[in-house]
Amino acid sequence: MSSLINKINIIKGSKSAGLDIWITPDDTLEINAIVISSHRDKIKILFKKSISTIEELPSALSANLPIYLSIDGKGILHKIIDSQNNGPLLDALLPNANKNDFIIQHTVLEEKRELISIIRNEKMEEILLKINEYGFNILKIYLGPFSLVGILQFSEVESMLLVPYYRVLIKNNSIDGFERNNDSTPDFSIAMDPESLSSAFIVPFSNSLQHFIENSTILIDYPKIFEQKENYQFKRLFKITILLLALFLFVSLFINFLLFEHCQQKNNLLVSQIGTNREIFNKIEREKSLISSREEFLKANKIRNRSYFAYFSDRFAKEVPVGITLGRLNIFPLQKQLASKEIPISFQNGRILIIGSTYNSSCLNLWITDLKKYSWINEISIKNYSDNGSGPASFELDIDLKDSEL
């Protein structure tokens, strides 16, 4: 059976449950349950348990699991017939019985034979109703242990399988026959890496395997089971859809959160930059205002871009004769003495005052004549000339400049 683990076409990540119900002569039940899953391309047994009532199922199995059920025992008949038999299948077991009272299963065997199994409708309904009360999803039903045909092609069993109440004969990886007996616990097991599967759980194991493999050799005429299968598939699809929507919503919210965080960081950076730039802008505006006020001040006082102060000072110093001593050179003097700091400063543009002294008035006249040769001087007048005879005479020159030269 070890080759079974590697050869089954597995649906990865799936789980399924197998149930085998045996109805005893006194109508009590013997139930064997198993849960398996696919794991890394191998079948893994997750759980197995034997119970005696359907009421114990909720404590043994999850209601979300797909269940593959086999029923056998009291009231269930099996018979191998020739598949070329043209008569009603039910007549092979119960001649003249009403087919509406029974559910019929037929299993295709080798050598043009079929295995016919029957159960009364009310017995099937009674068992399924009890199971459905607990919310279990039954996807497929088998009569007898003959779901074994689904795994024989993968097994290493050459002649027979022993399961509770049956000795199943094997030939060419197919069921060749069966013998019913009273042995409920035959000493038989199947090796499974890393454990073995005892006879009590071989049939429920083969039932649960139908979730992973395709088996068209067993057909049962019971339409209600197809309705349950469709309901299960719909519920499963609905759950998957809900999960996908929830995942999509979560991913969308997460992406929006990341975008929000990114935009928030960008916004904080921009706000910081705007604050910094605003300070720089305000500083620039203050500097521009200061420059503008200074330009206005210079324009108001007729001072050009290049200063003439050094130029005038240099020219006057160059022309001073030996006999004259300069005391003060006042270029563009104040209009008047300021009485308050709030009064705007005003200068006498185009005017230069020179205060000095000399021992010889003729020397002063010659200096005035030399100064007049400069094109930028418009007029020179002598003011406050004073000579007391005991020392040098003091004088004050008032020089008027030409506007075109400023």
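Predicted model: local features only at pLDDT ≥ 70, side-chain atom pairs only at ≥ 80, totals over all residues.
Over which residues does pLDDT stay under 50? Residues 1-7.

View 1. Residues are numbered from 1 along each chain as its sequence is written, and side-chain values use heavy atoms, with hydrogens and water left out. As for pLDDT, that's the predictor's confidence in each residue, from 0 to 100. For residues 1-7 the model has 21 contacts beyond four places in sequence (contact: heavy atoms within 4.5 Å).

**View 2. Helix 1 and strand 4.** Helix 1 (residues 2-7) has the lowest mean pLDDT among the elements of the protein chain, at 45, while strand 4 (residues 66-73) has the highest, at 94. Both kinds of element are DSSP runs numbered from the N terminus: helices are H or I, at least four residues, and strands are E, at least two. The chain's tally is 8 helices and 18 strands.

**View 3. An aromatic cluster.** Here Trp 22, Phe 146, Tyr 165, Tyr 166 and Phe 178 come together as one aromatic cluster. Searching the whole structure turns up 7 aromatic pairs (rings of Phe, Tyr and Trp, its six-membered ring, with centres within 6.5 Å).

View 4. Cys 363 is buried at 15% relative accessibility, whereas Cys 263 is partly exposed at 47% (buried: under 20% relative accessible area; exposed: over 50%; partly exposed: in between; 1.4 Å probe, protein chains only).

How values were computed. Phe/Tyr/Trp six-rings, centres within 6.5 Å; stacked < 30°, edge-to-face > 60°.
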